[in-house]
Amino acid sequence: MAEHAPEPDGDQWKGERVDRWIRQSEGLERQLEPVSDVLFATAGLRPGERVLDVGCGTGPTTRRAAVAVGPDGAVTGLDVAAPMLERATSVDRARGSAPITWVEADATAWGPPGALFDVVLSRFGVMFFDDPPAAFASLARATAPEGRLHVAVWARRSESDLFAVPLSVAMATLAAVGAPPPDTPPDDGGPFSLSDQTTVSSLLEAAGWNDVQWDRHRIRLPFGGGLAPADAARGSLDFGPTRLVTADAGDTLRDQVAAAIGRAYESHVDDDGHVVLNGTVIVVSARRPG
């Protein structure tokens with residue numbers, strides 16, 4: 001079942017950005033499955049619980065939560081991007097899992113009629129809020145007393161080879177050919193905006209959460225779900241900050257960057273010849289007061 005809330009603000013999750021994510025969703029899900037593993041291990045979902053999955057995308061974590069809480073539970077997947085939810089609703093949930101409600105809305109403005117959820121869950125779905133204090137306060141109001149928050153976020157960009165390796169190679173390649181230096185995204189902005197423990201703890205406490213916990217995990221992530229160096233390098237041009245710094249490069253220069261990244265990736269392969277890079281992920285947990 002899908003629901004619509006008024007005026008979700010999904011401007012940054014429209015058009016080519018969403019189309020690209022959907023095209024790459026199967027590989028991205030294999031890449032991010034180790035992140036789901038640590039998130040769900042921390043969350044410890046129990047049968048019968050009511051779960052809200054924020055920034056659910058095409059729904060892999062939503063469906064996993066539905067399996068964990070079983071037929072006596074309930075799960076809601078929340079996302080601003082209608083095409084993502086359309087893809088999510090096209091996938092059947094597993095037999096014996098909880099019913100799933102899909103909601104198109106921005107967490108900042110959306111709120112159910114009461115504190116309906118035992119657990120708020122998110123895998124990389126909470127770092128892009130336009131108004132983080134308002135969004136986390138809205139999620140707190142939607143959570144029952146003693147309810148739990150468990151969200152996976154990225155550490156600073158420099159702490160993850162997944163981002164740092166291709167970005168550093170791209171910047172060096174651009175500089176070597178005398179290309180105008182692109183604006184480099186900040187190390188703690190965008191997807192890395194919740195990487196500071198003190199800032200995040202203060203943010204959550206002000207929004208109505210307490211007992212904030214901070215668990216860091218260094219995880220090996222198969223790029224694109226399992227790609228050889230040349231394919232992974234080409235994929236890097238459509239991924240993260242490397243995509244941003246090469247966006248204005250011509251085809252020839254992009255080919256040079258991809259070739260250089262491919263050579264760098266040759267020292268980051270597993271026994272199957274697939275690129276595997278370390279990523280540093282933080283699982284932030286908190287609780288609603290009783």
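Where does F124 lie? In this predicted model, F124 is found in the loop between β5 and α5. Its phi is positive, about 60°, although F124 is not a glycine. F124 is also buried, with a relative accessible area of 13%.

A second residue deserves mention alongside it. D211, in strand β7 (residues 210–222), likewise is not a glycine and has a positive phi, near 50°. D211 is partly exposed, its relative accessible area being 46%.

Let me turn to helix α5, which spans residues 132–141. Its buried residues are A135, F136, A137, S138, L139 and A140. The elements covering them include β2 (50–54), β5 (117–123), β6 (143–154) and α7 (197–206).

Finally, I would like to discuss a pair of helices. The axes of α6 (residues 161–176) and α10 (residues 251–265) come within 9 Å and cross at roughly 135°. The two helices are therefore oblique to each other, and the crossing is right-handed. On the α6 side the contact is made by V165, P166, V169, A170, T173 and L174; α10 contributes L253, Q256, V257, A260, I261, A264 and Y265. These residues divide into 11 nonpolar and two polar, with no charged residue.

Thank you for your attention.

Notes
Residues numbered from 1 in each chain as written. Predicted model: local features only at pLDDT ≥ 70, side-chain atom pairs only at ≥ 80, totals over all residues. Heavy atoms only, no water. Axes fitted to C-alpha atoms, helices over the stretch in contact; angles between N-to-C directions. Helix = DSSP H or I, 4+ residues; strand = E, 2+ residues; numbered from the N terminus. Parallel < 35°, antiparallel > 145°, perpendicular 65-115°, else oblique. Left-handed = near helix turned anticlockwise from the far one by under 90°. Contact = heavy atoms within 4.5 Å. Nonpolar A, V, L, I, M, F, W, Y, C, P; charged D, E, K, R; others polar. Buried < 20%, exposed > 50% of the residue type's maximum accessible area, 1.4 Å probe, protein only.
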